[in-house]
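Here is a short tour to read alongside the sequence and the 3D view. Please keep both open as you go.

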Amino acid sequence: MTQEIKTTRHSEIGKEWAHESAHLHVTGHAEYVDDIPELEGSLHAALGLSTVARGHIKSTDFTDVLALDGVEAVLTAKDIPGENRFGIIIDDERLLPDSRVAYWGQPLFVVVAQTYDIARRAARLARIEYEAETPLLAAEEAISRSETVVPARTARDGEPEPAIRASHHVISGHLKIGGQEHFYLEGQAAYAIPGEDRRMTIFTSSQHPSEMQAFVARILGWPSGRVTALCRRMGGAFGGKESQSYYFACLAALGAFKLNRPVKLRLDRDDDFMITGKRHAFDIDYMLAANKAGQLTAAVFEHRVSAGHSADYSGAVSDRAMFDATNAYFVPNFTCTSHRARTNIQSATAFRGFGGPQGMLGMEVAMETLALRRGEDSLDLRKRNLLTHGTNARLHYDHVIEDNVLPDLIETLESTSDYRRRRTEINAHNATNSIIKKGICLLPAVFGVGFGATFLNQAGALVNIYADGSILVNHGGTEMGQGLNTKMLQIASNVLGVSPEKVIASTTDTSKVPNTVSTAASSGTDLNGMAVYNAAVCLRERLATLATQLFGGKPEDVIFADDKVHSGSESIDFPALCEAAFFHQISLSATGYYRVPKVGYDFETFKGRPFHYYVYGAACSEVALDTLTGETRVLRVDMLQDVGKSINPALDRGQAIGAFVQGMGWMTTEELVWRDDGFLATHAPQTYKIPTGGDVPEDFRFAFFDNENREETIYKSKAVGEPPLKLSLSVFLAIWDAVASSTGRNLPPQLSVPATPEAILNALEIAERNRGV
């Protein structure tokens, strides 16, 4: 709990501090794993990948690999001294397979060589003979064969079947949502350095250094304390370095252990695509019912989720999609069944939003379809059914939202975006233009913050003050460009009343802060911020006590401000007081710990409070569509985001807009295509298209919604990493609206995600055929 403390005359909270590494980013001096100077004798590793998607390994021949000059070793499953069976929740993966292949691109062996190029060339010389089988690529087929990674789950609330029978309006449909490649700028990388007496240090590009530590220890058969994992920063992650980084940390460590030399393993972009998992693809069947007045009475969903070859986080991601399946609306009767299919592709994993956007989009397409059926503006349908207060703020998992600001937020954006006038103008434009159609959508979103597995909602920190007054902040979170370290420095600076240059961010280091959780679930600042705060408060209290011993007064009245400490009628420079603390034998090192209160739900019944609090937002997107080519352009975006009391508005603004643009890419251009044999055809920037600066609409209007967190979070702030991505769905729905305006009879478009030109032309063609029926 953040106390009211007499620390500063002017707060550092709410200031737009520059990113603590900005000067390093722009000058090229920010050090990532591949930039770490290599120790003498360092070797390089490359991976040999499967060239079938399903089958058995009949034989392997590494003669040509080992014959290449500069190759030091080839490592396979038999070289692993410890465990080879892994998994994030279920141990259904192999670090290296001993016989069975599960997807095209699966690492089969490791080549360790004197240079990166030699290792890569050598890995392609292996001769592997397979007994290939026909891969399962479609979730529906896998489910029909009972190929699932975890059992199906059903969430239920009320009595949807009789409610549907009694309803005036009932619509149904199907939505296909594709996956998404993380496309972090820095690829997967690890650098392993063996030490004396069975020690290993791993420099890792990972959101979860403690997991890297634990998994490396497992493959070596060591206790975790013999392994240290470090991460100074990542060049992006988005969930793609939460679980799947362990492959590369473990394989680099295996090479270092076997050869007793440092080993670096980094992936080029093509191999990164081929090996690592993506956002989960969903097929959704929906049914939505309403009474004559347009009030929702029931919603029914069936989710078929393509999990890939292993469970990874698929169970939790699919559950999150179920939690978010009604988005921001009160639905009195609800059911959702989720199937998690095992398919022979890369194992789908965490991605910004963690299943929430997929669940939400099923509801929102259903809302658009119902609005078409009723002949009304979809915004009116949304407002009529918006979560409000009391019983009408109850979610289908039996939790009542207590701080709902959605009604005010939606009214604000409806006014500031000038939605009604623009809707009228778009309708008039579409009535007189057969080629270029326009669409618009104003969309609300609600996002629950926290880990669904409640034990993960904890964090630790270590803050050290040195005798010269400088402060080193260690915490369990990881910096991936989002500015987490910057916020941690602001918190410590604010508590101790010192200027920014006095506070330094440390590398995330498992030997300093143990047993950390992943920097994920939009909770990095919530968890680590409170841990840093608690450690800094502990140190402030020690220094305040010393100040009263020196100058009089009461500890609770001591003020820390402007690099000085004021006690009684005296003041002392902060560095001088720290030096005095050393001479008075007072510890200037403190740990901080934090656990999230209140959360907890029943996994079996799907009821309870899985999230600490909720973040609200809304966006209005307008698009233009060329019906001859299927090309689209986003003309304007109005975005209103709740972030509570922002610790750093500049960072939060960047995160919110960045999330929207990333989601916009998923909705429009980022298409993953697998051949029938399981080969990922879109495995490089030439074939996989992320949005560029030119795709961002010139007219992009962003604002924060004036609010503060009613729960006891760090300085009343809220999460910002994932919630805004949901608002990018408004782009897809605006395209959906434009396609619907072309159908003549207002038929709901059969449009899939991403809404590429091909998908749009296909939807228009289907609508044309249906017109003739």
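In which sense do β18 and β29 pair, and over how many bridges? They pair in the antiparallel sense, over 14 bridges.

## Ground rules

This is a predicted model, in which local features need pLDDT of at least 70 and side-chain atom pairs count only at pLDDT 80 or more, while totals for chains, interfaces and linings use all residues. Residues are numbered from 1 along each chain as its sequence is written, and side-chain values use heavy atoms, with hydrogens and water left out.

Helices (H or I, at least four residues) and strands (E, at least two) are DSSP runs, numbered from the N terminus. Two strands pair if DSSP finds at least two bridges between them.

## Around strand β29

Let's stay with β29, residues 613-626. Here 13 of the 14 residues are buried, so the strand is largely enclosed by the rest of the structure. Buried means under 20% relative accessible area, exposed over 50%, and partly exposed in between (1.4 Å probe, protein chains only).

Ile436 lies in β18, which covers residues 436-449, and is partly exposed at 34% relative accessible area. Together with Ile435 and Leu628, Ile436 makes a nonpolar surface patch of about 260 Å². The areas come from the Shrake-Rupley method with a 1.4 Å probe, and for residues only the protein chains shown count as cover.

## Nonpolar cores

A nonpolar core is a set of buried Ala, Val, Leu, Ile, Met, Phe, Trp, Tyr and Cys residues joined through side-chain atoms within 4.5 Å. The largest has 95 residues, and Phe732 is among those with the most contacts inside it. Helix α18 (residues 729-740) gives the most to this core, with 10 residues. Leaving aside neighbours within four places in sequence, Phe732 is in contact (heavy atoms within 4.5 Å) with residues including Leu175, Leu361, Met667 and Leu751. A second, separate core has 52 residues, among them Val498 and Leu577.

## The open sheet

Which order do the 8 strands of the open sheet follow? The order is β3-β7-β1-β14-β11-β12-β13-β22, with mixed pairing. β3 (71-75) and β22 (508-509) stand at the edges with a single partner strand each, so one side of each is left without a neighbour in the sheet. Within the sheet, β1 (residues 43-49) and β14 (residues 263-266) run parallel, joined by 3 bridges, and Leu43 has Val263 as its bridge partner.

## Backbone points to inspect

Most residues other than glycine have a negative phi, and most peptide bonds are trans. Asp197, in the loop between β11 and β12, has a positive phi near 50° and is exposed at 55% relative accessibility. Asn327 also has a positive phi, about 45°, but is buried, with a relative accessible area of 3%. The peptide bond from Val753 to Pro754 is cis, with omega near 5°; Pro754 is found in the loop between α18 and α19.

Key:
Patches are made of residues with over 30% relative accessible area and no salt bridge: like charges are joined within 9 Å, nonpolar side chains (Val, Leu, Ile, Met, Phe, Trp, Tyr) within 5 Å. A salt bridge is a side-chain nitrogen of Lys or Arg within 4 Å of a carboxyl oxygen of Asp or Glu.
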